[in-house]
Amino acid sequence: MSLAVKFRNPVMWLVIGLPLLSIVAGVGLVVVALRSGGDDAVIDTVQRTAQIQTTELGPDERARSMKLSAVLHVDAKGVDLLPVGGGFANGDVPRDVPLSLTLSHPSDASRDVRVELKPSELGWHADLALETGHDWLLQLTPADAQWRLRGRLVAGQGAAHLAPAFTGE
């Protein structure tokens, strides 16, 4: 049987084509996996020991014990942080010092934004034209990072609630 006759048979195309196609697809998947990076897009300092990942929860615990909570409001004028009771009301958190707000893009760390909120009449304010077409992960800390509040600004919404991430019960 000649070579031309063998390649006219459709079964022969399956015998040769499927393994070749799987090799090309496998190489393509390896290339995509290597280019995407191996680190998670997390802004916390994470320590890895064997299969266990740990992070410092002390700031979350301090925020919970101080009963801190806040509302972040976003509009065309900028970003406003409005304190809600707890340590903000009783003076545990000084109202005359700036706070640091980190806005993390859920999937692209190069689009993360860190802004300093300056004290204002109602709370804290920053002039920032924020893109609201996608979700933002929020983290609020003072300069000394003694406490931390977290939240999520959902796409298209103008406000988000920030609270301690640690429930600790």
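**A helix in the open and a buried aspartate**

Let's start with helix α2: of its 27 residues, the number buried (under 20% relative accessible area, with a 1.4 Å probe and protein chains only) is zero, so α2 lies largely in the open. Helices here are DSSP runs of H or I with at least four residues, and strands are runs of E with at least two, numbered from the N terminus.

A word on the source. This is a predicted model, where local features need pLDDT of at least 70, side-chain atom pairs count only at pLDDT 80 or more, and totals for chains, interfaces and linings use all residues. Residues are numbered from 1 along each chain as its sequence is written, and side-chain values use heavy atoms, without hydrogens and water.

Back to α2. It covers residues 10-36. At 1.5 Å a residue (times one less than the number of residues), α2 should span 39 Å; its end C-alpha atoms are 38 Å apart, which agrees.

Now the whole chain. It has four helices and 10 strands. From the N terminus, the order is α-α-β-β-α-β-β-α-β-β-β-β-β-β. Of the 169 residues, 27% are buried.

Next, Asp-135. Where does Asp-135 lie? In the loop between β7 (124-126) and β8 (136-142). Its relative accessibility is 18%, so Asp-135 counts as buried. What does Asp-135 touch, leaving out residues up to four places away in sequence? Pro-106, Arg-152, Leu-153, Val-154 and Ala-155, with contact meaning heavy atoms within 4.5 Å. The side chain of Asp-135 also reaches the backbone nitrogen of Ala-155 at 2.7 Å.

Notes: Buried < 20%, exposed > 50% of the residue type's maximum accessible area, 1.4 Å probe, protein only. Polar contact = N/O pair within 3.5 Å; in protein donor to acceptor, adjacent residues only side chain to side chain.
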